[in-house]
Amino acid sequence: MRTALCASLATAALAGGLLAPSAGAAHAATPVRQAAAVTSQSPADRFSGTPASIGGGLVAVLRHEAEGPEAWIRAVGPDWKPGDHYMFRVLTVLDRANTADTVNGLDLEITGVESAAPVLTVTKAGATESYPLPLSEAARTHGARCVSATKRLGLHGTLVADLTTTPDGPQVQLVDGITKEPREKLTRTAPAPAKDDRTAARIVNASGARPSFTYATPGGESPLGTALFPELPAGCARTYPFEEEAAPAPEREATPAAQSAPSPSTGPAAPAAPKARTAGRTAVAPQGGVAAGAGEEAAEDAGAPVAASAGAGLAAVVVGLGAAFLARRRGRTQR
């Protein structure tokens with residue numbers, strides 16, 4: 001009995017010793033699996049992206065969202081491999097405002113930062129490797145070849161506007177230049193944002209051949225500005241017909257015909273009274289108390305030619321009678 005019990009205890013101890021290394025190995029593998037799980041379930045937030053090992057214990061987290069192309073350079077250690085956790089200490093950030101830097105002996109630069117397909121280049125000891133950034137939303141939709149370069153405008157304060165042209169029309173992405181927080185996005189079908197106390201912006205002639213972007217601050221802090229959009233690359237077809245905005249109709253002066261046209265409420269206009277005329281001039285009828293005296297003057301002026309004619313005829317008759325009387329008197333004297 002005692003011998004059997006001792007044998008059982010020895011067997012149990014031996015089994016425990018054999019199983020102990022396996023348990024330790026399983027415990028050691030747990031953090032690796034957790035790291036892989038964290039990587040596969042990384043939240044799509046402001047700091048996540050596509051990680052790429054660039055050597056020197058560094059990882060470049062590549063992004064290309066509304067705020068523009070970015071490469072977040074993080075220290076991960078020499079043993080990092082794809083699938084491991086990468087959200088560690090940030091050493092530098094490359095973007096439109098800071099396109100190049102040197103970290104741990106590596107020369108880093110984002111090339112084609114204004115294009116739809118920017119690339120991170122890493123140079124060490126004269127050897128260069130390239131890491132394409134993810135495509136922008138517009139490039140994923142239409143292809144990088146059919147998305148124009150980006151034109152960045154500083155509006156006021158920290159607000160910037162990125163202008164691009166796609167086959168679907170012009171687009172404007174408003175972004176805070178410091179926090180890189182995206183704000184409104186303007187498109188051909190939604191050309192104006194909700195106005196606030198900081199800025200007013202609008203795409204003008206959004207469906208036309210030459211759209212433009214206008215912006216101003218409602219408070220009058222800066223004057224109105226206008227910028228044209230970049231050209232769509234050659235060979236890329238638009239997905240909409242051109243529709244130019246109608247210009248406001250110019251104001252037209254009333255014509256004489258329009259001035260004499262009858263009013264709907266008053267009926268046909270009465271004919272104008274004829275103007276009184278004298279010899280070679282127009283008589284203007286005065287108003288008020290002067291009218292009476294002026295009427296008499298007009299009457300005198302009208303009768304003056306008649307009186308002059310009568311006087312001239314009387315003088316001719318007198319001359320004729322005088323001549324006849326002298327002739328008769330000479331005749332009597334001669335007899």
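This is a predicted model: local features need pLDDT of at least 70, side-chain atom pairs count only at pLDDT 80 or more; totals for chains, interfaces and linings use all residues.
Residues are numbered from 1 along each chain as its sequence is written, and side-chain values use heavy atoms, with hydrogens and water left out.

**The pocket**

- The largest pocket has a volume of about 460 Å³, counted as the space filled by probe spheres set on grid points joined across faces, edges and corners.
- A pocket here is an open set of points on a 1 Å grid over the protein atoms alone, where a 1.4 Å probe fits, with protein on both sides within 12 Å along at least five of seven lines; lining residues have an atom within 4 Å of a point.
- Its lining has 24 residues, and Ser136, Glu137, Ala138, Thr164 and Gln171 lie nearest the centre.
- H2 gives the most, with five residues; strands E2 (58-65), E10 (159-166) and E11 (169-176) each supply at least two.
- Those labels are DSSP runs numbered from the N terminus: helices are H or I with at least four residues, strands are E with at least two.

**The disulfide**

- There is one disulfide, taken as a pair of cysteine sulfur atoms within 2.5 Å.
- Cysteine 146 and cysteine 236 form it, with their sulfurs 2.1 Å apart.
- The two cysteines sit 90 residues apart, cysteine 146 in the loop between H2 (137-142) and E9 (151-156), and cysteine 236 in the loop between E15 (225-228) and H3 (256-259).
- The S-S torsion is about -90°, so the disulfide is left-handed.
- Both cysteine 146 and cysteine 236 are buried (under 20% relative accessible area with a 1.4 Å probe, protein chains only; exposed is over 50%, partly exposed in between).

**Aromatic rings**

- The whole structure holds three aromatic pairs, meaning Phe, Tyr or Trp (six-membered) rings with centres within 6.5 Å; planes under 30 degrees apart are stacked, over 60 edge-to-face, the rest tilted.
- One of them is phenylalanine 47 with tryptophan 72, edge-to-face because the planes are at 90°, with centres 5.4 Å apart.
- Phenylalanine 47 is partly exposed at 38%, while tryptophan 72 is buried at 11%.
- Tyrosine 240 and phenylalanine 242 also pair edge-to-face, 6.4 Å centre to centre and 75° between planes.
- Arginine 188 lies over the face of tyrosine 240, 4.1 Å from the ring centre (the rule: NZ of Lys or CZ of Arg within 6 Å of the centre and within 35 degrees of the ring normal).
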